[in-house]
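Dear colleague,

Please find the structure below, handed over for your reference. A summary of what was found in it comes after.

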Amino acid sequence: MTTARALQHADAHIFPPAEWTFSTLREDLTRLTYFRGRVAMSAILRALGVGRGDDVLIQAFTCVAVPEGVMSVGAKPVYVDIAPGTPNMDPLDLARKIGDRTKAVIIQHSYGMPADVVELTRVARERGVHVIEDCAHTIASRVNGRFVGSFGDAAFYSYEAAKPVFAGFGGSAIINNAELRRKIESDYASYEEPPILSQLETAALVYAYRIAYRPWSYWTVRSVFRALSKAGIIRGNYNKVGLHLRPASDFRRRLGRLPKSILINQLGKLESQTIHREKCAERYRATINSSAVDHFAIPQGFNPVFGRYPMIAHNRKSLIGKVRESRIETAVFYDTPVQPLSGSALRDVGYEPGSCPQAEYLAERVISLPTGFQVSDAQLARTAAFFNRHA
Ligand SMILES: *Cc1c(COP(=O)(O)O)cnc(C)c1O
């Protein structure tokens with residue numbers, strides 16, 4: 001990443017620089033809302049005319065929602081490796097992977113660490129490839145003073161658990177290109193309101209989670225959530241994976257009125273949430289000083305707002321064992337190049353095991369810490385003490 005170059009290309013951006021503030025951002029996020037983040041992504045691809053016979057480039061070190069969204073329009077996901085020392089797409093590998101059938105690239109800002117979005121966008125546009133930003137992990141991260149999500153042709157967001165804003169399920173699309181916006185808006189009329197039962201289920205999930213979740217109860221809540229979704233009682237994050245991952249009708253649904261009202265309410269806290277997340281990450285960076293973990297470098301001009309704070313653990317297995325005992329919330333995601341798939345199941349979403357070595361390296365080492373409202377000063381101190389003890 002060369003920041004000087006990045007700055008130069010930011011100025012050459014073909015769309016007018018977005019004059020986003022928190023309040024315009026909030027408004028934009030409630031305009032085109034969908035059943036899930038991947039549905040928003042699918043709607044963007046559809047409006048771009050991406051379909052059968054087309055390739056969409058995505059990064060390895062992602063979750064199955066991303067290739068699923070690509071496959072929902074009949075296109076093929078093609079994997080680009082991440083840049084060494086970052087959780088995000090490598091511009092050099094992007095340049096290598098663009099081919100005749102490449103129609104779009106999805107730039108993921110993993111954990112809220114901005115990708116090298118200026119350089120990635122430059123590489124893509126030079127070859128006539130559309131750019132979509134995956135902002136599922138962050139809403140307010142900035143690069144050179146500008147919010148992520150404003151660099152590409154379009155961006156999408158997700159509101160499920162473990163995302164920066166939680167509304168049960170849901171997603172939004174933001175469109176930065178006037179012609180594309182006209183297309184997606186006219187297509188939006190054909191999206192259906194989900195059945196009321198599904199909306200109630202979503203609302204129940206939000207309230208249950210709000211009551212049950214605290215950083216110290218993380219491991220318990222996680223087991224209960226997994227058991228319930230395995231038993232089919234609540235909708236899981238992932239469906240059985242195959243070429244038809246989820247009913248096609250899911251991909252024609254907008255966000256229901258009830259979850260949308262929860263979303264609007266949650267977005268009201270976006271600014272204070274952002275300040276809290278920045279504080280948590282600064283504290284982790286300043287106080288965790290252990291040879292057991294490394295912090296990621298933050299390039300000049302980048303202002304990440306971490307949805308979760310990632311670190312690289314040198315011996316993750318033993319660390320995670322100790323973490324659980326101490327009731328410190330630490331999540332391992334992603335632990336495969338396409339979470340939660342591993343081994344030959346990766347081929348079901350077009351990933352060839354071994355093809356993206358940096359992504360596989362990081363998937364074996366990354367851990368992440370919470371940055372949400374529930375994280376107290378005491379918890380921050382306990383977490384730092386824990387890591388510093390286990391040097
Ligand atoms: C969660 C997530 C999505 C999609 O979100 P859904 O709302 O579950 O469809 C997309 N990309 C990334 C990186 C995510 O983590």
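The model is predicted, so local features need pLDDT of at least 70 and side-chain atom pairs count only at pLDDT 80 or more, while totals for chains, interfaces and linings use all residues. Residues are numbered from 1 along each chain as its sequence is written, and side-chain values use heavy atoms, with hydrogens and water left out.

Overall composition

The protein contains 14 helices and 15 strands; helices (H or I, at least four residues) and strands (E, at least two) are DSSP runs, numbered from the N terminus. Of its 391 residues, 57% are buried (under 20% relative accessible area, with exposed meaning over 50% and partly exposed in between, for a 1.4 Å probe and protein chains only). The protein exposes about 16400 Å², of which carbon and sulfur atoms supply 54%; accessible areas come from the Shrake-Rupley method with a 1.4 Å probe. Among contacts (heavy atoms within 4.5 Å) with a separation of 6 or more, 73% are accounted for by residues 24 or more positions apart.

Helices α3 and α7

Two packed helices are described by the angle between their axes and the distance between the axes. The axes of α3 (residues 37-47) and α7 (residues 178-188) come within 9 Å and cross at roughly 120°; axes are lines fitted to C-alpha atoms, for helices over the stretch in contact, and angles run from 0 to 180 degrees between N-to-C directions. On the α3 side, Ala43, Ile44, Arg46 and Ala47 meet Leu180, Lys183, Ile184 and Asp187 of α7. The residues of this contact divide into five nonpolar, no polar and three charged (Ala, Val, Leu, Ile, Met, Phe, Trp, Tyr, Cys and Pro count as nonpolar, Asp, Glu, Lys and Arg as charged, and the others, Gly among them, as polar).

Backbone features

The peptide bond from Phe333 to Tyr334 is cis, with omega near 15°, and Tyr334 lies in the loop between α12 (316-325) and β14 (338-339). A cis peptide bond also links Gln339 to Pro340, with omega near 0°.

Tyr111, although not a glycine, has a positive phi of about 65°. Tyr111 counts as buried because its relative accessibility is 1%. Ala162 has a positive phi near 80° and counts as partly exposed at 44% relative accessibility.

Yours sincerely
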